[in-house]
Amino acid sequence: MAATTPSGGSPRWDSRPFRPNRSAERRGKIRVLIICTLVALVVSSWMKTTSHCCIQSDLPEISLLSSNFLKTSKFLKSRPVRSRVMFLRRLRGGEGTSTEGELNTKQSCNYTSQLKNLSTLSLDSETPPTAWLWASKCKNWMDAEKGTVVELNSVVNLMVRRGFCYASCESYGGISGFFDYGPLGTEMRRKIRHLWWQRFVQESEEVIGIETSIIGPEKLYRASGHLEHFVDPMVVTPNGERFRADQVVFLEVYNLDGDSIGYVSALDSDNVEEELRNLALKFVKKQKQDPNPSLLSPNKLDFRYLTNATNEERVLIPRPGELKPAKFSQIRNFNLMFSTNIGSTSEGATGYLRPETAQGIFANFHRYKERMTIPFGVAQIGRAFRNEISPRNFIFRAREFEQMEIEFFISPDTWPKYHNYWVEAFWEWFLHLGIREDMLAKDVHESKDLAHYAKACTDITFKYPFGTQELMGIAARGDYDLIRHEELTGKDMKASQRSQMTNKIRPHVIEPSVGLDRLFLALLVSAYHEETIAGEPRKVLRLSPSVAPITVGVFPLMVKNQRIRDIARNIRRDLSRHFTVSLDENGSIGRRYRRMDEIGTPFCVTVDFASLEDETVTVRERDTCQQVRVSISRLEDFIRKLL
């Protein structure tokens, strides 16, 4: 039966062909068109900033001067709606995320404000922007960072989380004073070694390089004085905790009437006086007494080292940072060398893991003098071992570490000249590596603080988060070592001088010695920086490209596009012959940039859709966040010039 209307007639649709309402469909198409247009505008703006066309518009984010706009529009029109939406999300830095996304001008390192000052490259240019060169930007960056303080926990967290360095045998609870280096740390240390060797050995006509054994016989270290003098003063608490007595500072606390009421102590550091003052006030409050005026005045406190405490004072002094007496034991000298048995135990031959690399050089001096004339140097990089009483401050004071040492043999009357030369040479080298000059200082030792063999010593110190400490030492060792080895071995330790070949003398020695681990930590502390860009936090290591563990990061913009992915993999393969390169295909572009910033990667190469048309890629610089378009064929030369 046919349907009828309330008025009795037939309904309209019952007598006409079916025609659905297309207004909703038209609205959907309009939305898609608007989205595609906005995406094209954003992409066009980004491509113009990195192409050969310089931006001249006052509103660069909506300028349409780049021919890439047409390519992007055609690409979007050829894709289904879902692909367009996914592409939009990718440009925005990922769904539900807030990342950098260099393609998004609102989240690209204040990109809109930088566009007018951005020097973009033409496709046939081979000259990198001057602002990208390390030498030109390093001083400005150091001046801007002057006086900033970095927390040790922030640096250590980054090192452990990103695999630079971590405790050895973590699965078994770790070993105090021993550390392992992951892929990034290993690569960075390799580059530091190479730069040290290139600067002080390869480029020098007077320095040769060697490698000596890690284990030495007892006679060697008896001759060098290590068995007798290589000791630290140690105290032990009743529960077995050990401290270096020369690193514990204590203060006698007085009440308002001037009566002694006890002691407080702390580990030696740059702010030890403030720490002792706070502990003393806390102790007085606990004793329910009034503090002595000396604790409230800005005058310097009269504190002493535990090595200078009397027996009566020592048992009353608390553990550093605590208030209850620790009852320290008698101070005794603790030898820092690790001993071992050579061969079967029945032979009774005792050996030692070397506490420094120098003695292997001295013991073989009679071989080097046959081919060299004074002045000359012998260099070595290698592991050393010291059984530290209380390892602390992460890798700064460890039981296994790596040294880079030179023993430079000179005429006795020339040691002041060469001593100053090596101090200045290493100061300049540290600046070349990228260490902030405001964090470096020179510490000339007084005669009472010198080692038993030294005539003079100057330390180059670094302002670590836990205080200013020695980064390296340049010691004038005299001829002590050669005399001792000559006496015990009977070998002639005299050599010819370059100016007087017939006159043989026993030379004096200048020893520049730098710890690789301490230098590694100093570089990371100096380079670590936190900032906010477009409302988003960013952690970045402003490492020199010469020491950054990864030199170039390569990103395919769309991993699902096989052509883009193949180009990225070919670029990684070609560049890896000359640089350390990492291919990152995970996450949005913004997240990938953040990951590379955090490990100090100076340059990132992005392969995008324009690369399919004109064989160019986007190169992004870490510190300025600027981008340029570079031809793939010239990419290697472009990066090489920046190094």
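Which residues gather in a patch of positive charge on the surface? Select K282, K286, K324 and K327. A patch takes residues with over 30% relative accessible area and no salt bridge, with like charges joined within 9 Å. Lys and Arg count as positive, and the place of a Lys charge is taken as NZ.

Before moving on, note that this is a predicted model, where local features need pLDDT of at least 70, side-chain atom pairs count only at pLDDT 80 or more, and totals for chains, interfaces and linings use all residues. Residues are numbered from 1 along each chain as its sequence is written, and side-chain values use heavy atoms, with hydrogens and water left out.

**Stop 1: K282.** Stay on the patch and pick K282, one of its residues. K282 sits in helix α10, residues 272-286. Helices are DSSP runs of H or I with at least four residues, strands are runs of E with at least two, and both are numbered from the N terminus. K282 counts as exposed because its relative accessibility is 55%. The classes are buried (under 20% relative accessible area), exposed (over 50%) and partly exposed (in between), using a 1.4 Å probe and protein chains only.

**Stop 2: salt bridges.** The whole structure holds 40 of them. The criterion is a side-chain nitrogen of Lys or Arg within 4 Å of a carboxyl oxygen of Asp or Glu.

Select R244 and D232. Their side chains form a salt bridge at 3.4 Å, N to O. R244 is in strand β6 (residues 242-244) and D232 in strand β5 (residues 231-236), so the pair ties together parts 12 residues apart in sequence. R244 is buried at 12% relative accessibility, and D232 is buried at 9%.

Next, show D584 and R595. The closest N and O atoms of this salt bridge are 2.9 Å apart. D584 lies in the loop between β24 (581-583) and α19 (589-598), while R595 is in helix α19, 11 residues apart. D584 is buried at 9% relative accessibility; R595 is partly exposed at 28%.

Stop 3: Select R622 and D623. They form a salt bridge, with the closest N and O atoms 2.9 Å apart. R622 is buried at 1% relative accessibility, and D623 is buried at 17%.

**Stop 4: S631.** Go to strand β27, residues 627-631, and pick S631. Is S631 buried or exposed? Its relative accessibility is 12%, so S631 counts as buried.

How values were computed: Patches are made of residues with over 30% relative accessible area and no salt bridge: like charges are joined within 9 Å, nonpolar side chains (Val, Leu, Ile, Met, Phe, Trp, Tyr) within 5 Å. Accessible areas come from the Shrake-Rupley method with a 1.4 Å probe; for residues, only the protein chains shown count as cover.
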